[in-house]
Amino acid sequence: MKKLFLISLVCAILYGCEGMYEYEYRIVNQTNQTLQFVAPHYQEATMTLYTGKSALVSIVDGGMCPKDFVPEDRYAQNEMLLSGQTFEIFADDAPISGNFKLRKYWNYSAKKRLGIYTLILTPELLAELTEE
C-alpha cells in the first residue's frame, strides 16, 4: 500500500510539473530587397535578412506555467511589441518606420509553452511603413 501511494505521488508530481513559457519574435523578409536588422543590445548587432529568409530577433521569458499551457497574445492591436528593446530595420540603407513594432503588423501563433510573433515584411507593407 505504501509503495502504491509513493508511485501515485511521483506520477502526480511528474504529471503536474511546471515549467517556463516564452515568446519568440521573428521577422520574415518577403520583399525583393536585402534588409538589415540592427539591434545594439545584441552581441551580433546587425543581421542581414535576404529575400525569403527569416530571423529570430528576440526571446522573452513569460514565466512559470503548467505543462500544457498555451500562452495567449499579450498585446492589443495598437500596442508596440518589444517596447523596451531598441532595434531598427533598414531597407536600401534607409530606416523603415518604427511603427513596424505595432502589434497589428505581426501575426501571432502559439503552441505548448511558446507564443510566436512573426512580422512578414512584404513589398506592400514595406511601402506602407516607408511612407509613415
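The legends below describe close-up views of one predicted model.

Local features are reported at pLDDT of at least 70 and side-chain atom pairs at pLDDT 80 or more, while totals for chains, interfaces and linings use all residues. Residues are numbered from 1 along each chain as its sequence is written, and side-chain values use heavy atoms, with hydrogens and water left out.

**View 1. An open sheet of 4 strands runs in the order β4-β1-β8-β7.** Pairing in this sheet is mixed. Helices (H or I, at least four residues) and strands (E, at least two) are DSSP runs, numbered from the N terminus. Two strands pair if DSSP finds at least two bridges between them. β4 (54-65) and β7 (106-111) stand at the edges. Each has a single partner strand, so one side of each lacks a neighbour in the sheet. From one strand to the next, the twist averages 20°. Axes for such angles are lines fitted to C-alpha atoms, for helices over the stretch in contact, and angles run from 0 to 180 degrees between N-to-C directions.

**View 2. Strand β8 pairs with β1 and with β7.** β1 (residues 19-29) and β8 (residues 114-121) are parallel, joined over 8 bridges. Tyr23 has Gly115 of β8 as its bridge partner. Arg26 is bridged to Thr118 of β8. β7 and β8 run antiparallel, with 6 bridges. Here Ala110 stands opposite Gly115. The hairpin of β7 and β8 has 2 residues between the strands, and Arg113 takes a positive phi near 60°. β8 is mostly covered, with 7 of its 8 residues buried. Buried means under 20% relative accessible area, exposed over 50%, and partly exposed in between (1.4 Å probe, protein chains only).

**View 3. The largest nonpolar core has 30 residues.** A nonpolar core is a set of buried Ala, Val, Leu, Ile, Met, Phe, Trp, Tyr and Cys residues joined through side-chain atoms within 4.5 Å. Tyr25, Ile27, Phe37, Ile89, Trp106, Leu119 and Leu121 have the most contacts inside this core. At least two core residues come from each of β1, β2 (35-38), β3 (46-49), β4, β5 (88-91), β8 and α2 (123-131). Beyond its neighbours within four places in sequence, Ile89 is in contact with residues including Ile27, Phe37, Phe100, Leu119 and Leu121. Contact means heavy atoms within 4.5 Å.

**View 4. Tyr25 and Trp106 form an edge-to-face pair.** The whole structure holds 9 aromatic pairs. Rings of Phe, Tyr and Trp (its six-membered ring) pair if their centres lie within 6.5 Å; planes under 30 degrees apart count as stacked, over 60 as edge-to-face and the rest as tilted. The centres of Tyr25 and Trp106 are 6.3 Å apart, with the planes at 80°. Tyr25 lies in β1 and Trp106 in β7, so the pair ties together parts 81 residues apart in sequence. Tyr25 is buried at 0% relative accessibility. Trp106 is buried at 2%.

View 5. Tyr75 is buried at 16% relative accessibility. Tyr117 is buried at 0%. Ring pairs link Tyr21, Tyr23, Tyr25, Phe69, Tyr75, Trp106, Tyr108 and Tyr117 into a cluster.

**View 6. The charged end of Lys101 sits over the ring of Phe87.** Its distance from the ring centre is 4.4 Å. A charge sits over a ring if NZ of Lys or CZ of Arg is within 6 Å of the ring centre and within 35 degrees of the ring normal.
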